[in-house]
Each structure stands twice: as C-alpha cells, then as structure tokens.
Amino acid sequence: MVKRVLATVALAATACAGPAAEVRPAPRGTLFRYARPADAVSVTGDMTGWEPRPMARRGGAFELALPLPPGRYEWRFLVTRSGDTRPFVPPEAERVDDGYGGENAVLRVPGPVSVTPGTGVTAPEAARPDRLKDRALPGMKTP
Amino acid sequence: MKRRLAALAFAALVAPAAGRADAVGDAVRAGVAQQVAADVAARSGERGLSPDDALAPIAAAAKRGLPSDLVAAKILEGLAKGAPPARVLAVARGLEERLAAADALLASSNLPPPADERAALADLADAMSHGVTKDAVEALVAAAHEARGGNSDSVVAAAHALGELARRGVPPADALGLGRALTHRAPEASRKVPGLFDAWRAEGGKDTEAFLDEARRRAESGQKLDGVVDWFGDSPDRLTHDRKPDKDGLVGSDVGRHGAQEGLGPGERSDAARGAVPGLDDAVRGNASAHGHGHPGRP
C-alpha cells in the first residue's frame, strides 16, 4: 500500500515537473524542446547533416523548430553546461545503437497516406514500389 | 627556380581539390546526389579521411539502387562524433551490406510495400546489425502473410523490436514468438516493446521469458501492450497479466509456467481444483477467468 502511494506520488511529481525534452509537431515544422538547466543546447542529426544546430532560449527552456519532410531521422541533443558539452538522448524516445558506441533518438515524421480502395491497405502517396531515389539531406551545406 | 617552387606550391594547393572533384564526380555518376557527395568529400577531407574512401560505400549503395543518403549520413555522423576514419568506413560498409540484404528480403516478401521504404530499410538493416537473421525475418514475413492486411511495415517494425531486444540481451530466437504476434499488429505496437522492456526491468522484472510470454499473449489477443508492466509491484514477476482468452480459448495467465499459480495462496490455486475433479478443467478455467483469480497477487 505504502509502495503504491509512493509510486503514485512519484508519477504525479514527474508529471508536474514536465519532460526534460520533447519533440512535437509545430506550426513552423517539428519543434525540439529541451527543458533542463543548461548554458546552451543544440540539435544534431540526420536532418542537420550532423552539424549542431543551436536552439534558442525561451523562458526556462531551449527550442528549435525545423521544417522536416516525412521520414525517419536519427538525432540527439548536445547540452553544454559549465563548459562541458555532452550528448543527451531523451530517455522516453525511441532509441537505436549509433554504431559508434553510443545511441541516437529516432524521430518519425509521418507523411500523408492513402487507402487502396477495397483492401483497407494504407500506403503513402509518395510510395515508390520501384526504386529508391537519392534524397538530399536537409540542412546539409554545400562547400 | 622561383618559378618552379611556385608551380609546386600551386600544385600542392590545387591537387587535393582536384582529387576531391574527381571523387565527387565519380559518386555523382554512380547516382549520388551532388550536394551529398560534395558535403561528404569536404567534411571527410577536413577530418583525415580521404574523400575517395568516404565516397566509395556511398557510391556503391547508389549503384545497387539503395538509399545512399543513409550511408552518407552515417559517415557524416561518425566524422561529427570524432570516430576514427577506419571505424567510420567499417560502419558505412557494414550499413551498405545490410541495406542490400534488407532490400532483398523486402523485395522477396510479396507483401504490400512499406509506407516509407527508406525508413523500412534503415530499420531492417538496424535489426540485422543486432543479430536478427534472414531466417527470422522470413519467419516474420510468413506470419504477416497469415494476418489479414499483413504488410511489410509490421514485419519491419517487429524485426526492429527483436533487434532492440537483442541489444538488451534477449536472443532473437527467444523473442520470435512475440515477433510473429507483432506482425499482426500496427507498427506502433512493436515500437513500444523495447521501452516497455526497459520499464519492466527498471521495476525489477527478471524473468525475460515471462515478459515475452505476456507481451506475445497481449499482441495475439489484440490487447494494448502498454499495460504489461506492473508499476505498483503487486505481482512477483512485475507483469500485469492479460486476462483475455487467447486464440485457443484458454485464459492467458492460466497457461504455461508463468500462470495464475504464481503469487496465489494454496487455497486459491486453480490446479488443485483441476486435479480433484477430472474433466472440469475448462469449467475451472472459466470460473477463474470470471473472478479474476489469475492476476498474481492482486486482491
């Protein structure tokens, strides 16, 4: 009983404190938000060509909106505090092994889908049953 | 003499740029986007990796009709993270090979194409990097064919869940039953499994087979997977047992070694009654289900 009460209190406290980080759709694209003490925070990932993209301070949080086309993106935050910069992957995010001894978060930006009449099978309007074409990485710079 | 020195200095400055341009041109001719090839060449050169070497696996992927930008992104990621050049190349080459294997598996599956083929290949390649074999993926494909509306998205998501469980120490062969059941569900269900497994372990769950059994049972019976973790520590195995009958008409937790018997007092055990009156097993099970006796430790 005591454990149940303590667990409930812990859950409520967590809910009140809010998530350390979140990613959600926003009017100007996909909003990345980091809400813990830091001197500076950046987003880095497939969508930035793995170049850090600084986030802007908004109140007690850091935010950055990126216009992202539908797709799957691996990414993480870079959090600087007291001169020390460390990667941060939100614990509640879908995570994958990065192949370099660390982890990335996975962001899935959904695309429009259509339903094939009579089958109930959904497929994206942009589905290509033939071959894949190269896609330029958004945010990548040309020298 | 001065003129010769000037010519040598000019050549030293121009030659790397010319070499880089050749490497970019070759990659573009192989089908790599110009912007991608130029960016990889510039950044690999800055960080001690020859542009020719960096662009080779990207161009190879493009020649095979694979999404070469995934390989390019993995190289840029390794360079940004300060990985040694040899490691970056090994990771990129491994990714290219797994993308090709994933592409072949999806092409031979005879299932509707994935909603996002690039994402599906990335997920399947990732699963394969953690030991999900071709045979395992083919078993998932077979299970998807048995499901109404089975599709490659569900197969890929199930394979990815197996890969993530493998990364947490669960052999894919052990989790294959859960994987098969997940192919009958939307991909979102599979994507929850690794997080739920982490949460269950954080709660003190230790019996991985019990977790896999309960998750599979929920997936098969169409129940939500979210509730599988017993957050309040009421059950010894830290699992909230599904009480819906499975496809054989048996009540989930009454079947198998992780059943209703755990956490129950001697007078509550249904097997005592089952043994006492032959032929009444089904009735007893039905009774247990109706009264919710199957939930270990729950009042």
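Trainee: In S8(A), which residue is the bridge partner of Leu78(A)?

Mentor: Residues are numbered from 1 along each chain as its sequence is written, chains are lettered from A and ligands numbered from 1 in the order written, and side-chain values use heavy atoms, with hydrogens and water left out. Strands S7 (residues 71-81) and S8 (residues 84-88) of chain A pair antiparallel over 5 bridges; strands are DSSP runs of E, at least two residues long, numbered from the N terminus, and two strands pair if DSSP finds at least two bridges between them. In S8(A), the partner of Leu78(A) is Pro87(A).

Trainee: Which residue in S6(A) stands opposite Ala56(A)?

Mentor: S5(A) runs antiparallel to strand S6 (residues 61-66) of chain A, and 3 bridges join them. Opposite Ala56(A) stands Glu63(A).

Trainee: Is Arg33(A) buried, partly exposed or exposed?

Mentor: Arg33(A) is in strand S2 (residues 29-34) of chain A. Its contacts (heavy atoms within 4.5 Å) beyond four places in sequence include Glu22(A), Met55(A), Phe62(A) and Phe77(A). Buried means under 20% relative accessible area and exposed over 50%, with a 1.4 Å probe and protein chains only. At 24%, Arg33(A) is partly exposed.

Trainee: How far apart in space are Arg33(A) and Val23(A)?

Mentor: Along the sequence, they are 10 residues apart. C-alpha to C-alpha, the separation is 6.3 Å.

Trainee: How many helices does chain B have?

Mentor: Chain A holds 1 helix and 12 strands. A helix is a DSSP run of H or I, at least four residues long. Chain B has 0 strands. Its helix count is 13.

Trainee: Is the crossing of H6(B) and H8(B) left-handed or right-handed?

Mentor: Two packed helices are described by the angle between their axes and the distance between the axes. The axes of helix H6 (residues 117-129) and helix H8 (residues 152-167) of chain B come within 8 Å and cross at roughly 35°; each axis is fitted over the stretch in contact. A crossing is left-handed if the near helix is turned anticlockwise from the far one by less than a right angle, and right-handed if clockwise. H6(B) passes H8(B) in a crossing that is left-handed.

Trainee: Which residues of H8(B) make the contact with H6(B)?

Mentor: From H6(B) come Ala120(B), Asp123(B), Leu124(B), Asp126(B) and Ala127(B). H8(B) supplies Val156(B), Ala159(B), His160(B), Gly163(B) and Glu164(B).

Trainee: What is the relative accessible area of Ser190(B)?

Mentor: Ser190(B) lies in helix H10 (residues 187-202) of chain B. Beyond four places in sequence, Ser190(B) touches Ala157(B), Ala158(B), Ala161(B) and Leu182(B). Ser190(B) is buried, at 1%.

Trainee: What share of chain B is buried?

Mentor: In chain A, buried residues make up 35% of 143. Chain B has 299 residues. Its buried share is 52%.

Trainee: Over which residues of chain B is the pLDDT below 50?

Mentor: Chain B averages a pLDDT of 82, and 74% of its residues score at least 70. The stretch below 50 has 67 contacts in the model beyond near neighbours in sequence. Where pLDDT is low, the predicted coordinates should not be read in detail. In chain B, that stretch is residues 251-299.

Technical notes:
This is a predicted model: local features need pLDDT of at least 70, side-chain atom pairs count only at pLDDT 80 or more; totals for chains, interfaces and linings use all residues. pLDDT is the predictor's confidence in each residue, from 0 to 100. Axes are lines fitted to C-alpha atoms, for helices over the stretch in contact, and angles run from 0 to 180 degrees between N-to-C directions.
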